[in-house]
Amino acid sequence: MLLQLKLPSIRLNKEISVEEKKIELNKVDEFPPMPVSLGSMRVNKTSSWRNFRPIIDGEKCIGCGICWKFCPEPAIFPTNPPEVDYDYCKGCGICIANCPVDAITRQDETK
Amino acid sequence: MKTVMNGDFAASYGAMTSDVKFVAAYPITPQTLIVEKLSELVADGELDASFVKVESEHSAMAACIGAQAAGIRTFTATSSQGLLLMCEVLHWAARARLPIVLANVNRAVAPGWSIWADAQDSISQRDTGWMQVYAENNQDVYDSILMAYKIAEDNDVLLPMMVNLDAFFLSHTSEVVDLIDNDKAKEFLPAYDPEYKLDPKNPRAFGALTSPEHYFEFTYKMFEAMEVAKKKITQVGKEFGDIFGRYYDMTESYKIDDAETVLVTFGTIAGTAKESVDRLRKEGKKVGNLKIRVFRPFPAEQIIDALKNAKRVVVIDRDYSYGNEGAFYTEIKGALYDANLRIDTYGMIAGLGGRDVSTTVIKEIVEKAETSEPNKTYFIGVKK
């Protein structure tokens, strides 16, 4: 039911096709003077400030694709049921607010 | 070569002697002559640089940031409202560690609309990460620009530098300026060759998202760079003196050794203050003057050393930090506190909006300090 929009999957994002290295800066002396070449966002995960995570209930999901379409990141893959990319999801809750069948719930990250 | 020129032209020639390759500027009184002269020098082929006319001061600094990031030496100039419009990009230039040099003609901030001397513009940009020099005369303007590149481009500094000159008292007043021969200047200031630059052969991302894991360290590195800059400014000032015969430092003491009252001044007021010291000494008053030439990084050690034997410290601010006191006054007191020096201090606000601070006014300031309660701020010359 999902993927009725017939848009190409962005799943490719998960795989790092070219050789990329995460730049490790553990000591201040190793830092360059200015923020330069701190590495691609494909290796620097940006979900560290998430307070809660959206959990999609596959049973309730009707595959409308609204969560995927509204996700500003985008951190929802248009699979069936949709899958959240927790490496990049900031926990904004837009998917939860817009799900027409309340299939997405929030789970506190401290758990 | 000795010639006669106003402070604005001294700034333009300072940029030319520094062999800048890129100038982006927007005209504003009383800085306009700097831009006019530079465009003329480029048009006449005397200065081999790109001159970019921009639509605002924000764009001028943004263009300089782009060009400097590509690895070439850039220059711009502005004043007052123009400097304030640059604010966002001033921070950007400093945190991107681009050693841009900017001449700022100190002019009052509106309203009331004023084109006259006042340091409120640059003082309000104190915390942007720029080093700040306050010139006393036109030779100081010219020499400071050349030294500014040398200091700013040092690999352990890499911070932009603002050379400030008082509106009209310097910008439009002609004085003798000794220009430096281009070849000699190149020996003093070699070509700019930064380690980090935009280069298609070695692509890098500048100024990208910086997480809490990294941002803090970049600010710490600027703290370290400012500490290095303190030493570098003194060192370059000495090196400049050894070659060209004119010595510079972060501060300059004038007859302070036996002085009971020490005036602390910056900009053109420092020149008048030295003349006042001579006149007051003839009247038997033991007065001296400490000029603060560099305000950022703050020369606390030199200030403590210069003021430690004074009985009275009188700080003249041509600026006012609303709700507190003069900016220099606050910082001078901070330095004395750190050194456990409990000296009577007087915050004297004078010369705002271009009001003349003559030797008569400075005499009045000294008399006011002698007869008033210490550790307070006084506005000098308010019409009552």
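How much area do chain A and chain B bury between them? About 1600 Å², with 70% of it on carbon and sulfur atoms. Buried area here is the accessible area, with a 1.4 Å probe, that two parts lose on being put together, summed over both.

Ground rules. This is a predicted model: local features need pLDDT of at least 70, side-chain atom pairs count only at pLDDT 80 or more, and totals for chains, interfaces and linings use all residues. Residues are numbered from 1 along each chain as its sequence is written, chains are lettered from A in the order in which they are written, and side-chain values use heavy atoms, without hydrogens and water.

Back to the interface. 13 residues of chain A are in contact with 18 residues of chain B; contact means heavy atoms within 4.5 Å. A:Pro33, A:Met34 and A:Pro35 supply 37% of the area that chain A buries against chain B, more than any other three residues.

Now the cores. A nonpolar core is a set of buried Ala, Val, Leu, Ile, Met, Phe, Trp, Tyr and Cys residues joined through side-chain atoms within 4.5 Å. Buried means under 20% relative accessible area (1.4 Å probe, protein chains only). The largest core has 77 residues. B:Met61, B:Phe75, B:Trp130 and B:Met131 have the most contacts inside it. Apart from this core lies another, of 26 residues, including B:Val264 and B:Ile303.

Finally, B:Met61. Beyond four places in sequence, its contacts include B:Met86, B:Leu90, B:Ile100 and B:Trp130.

How values were computed:
Buried < 20%, exposed > 50% of the residue type's maximum accessible area, 1.4 Å probe, protein only.
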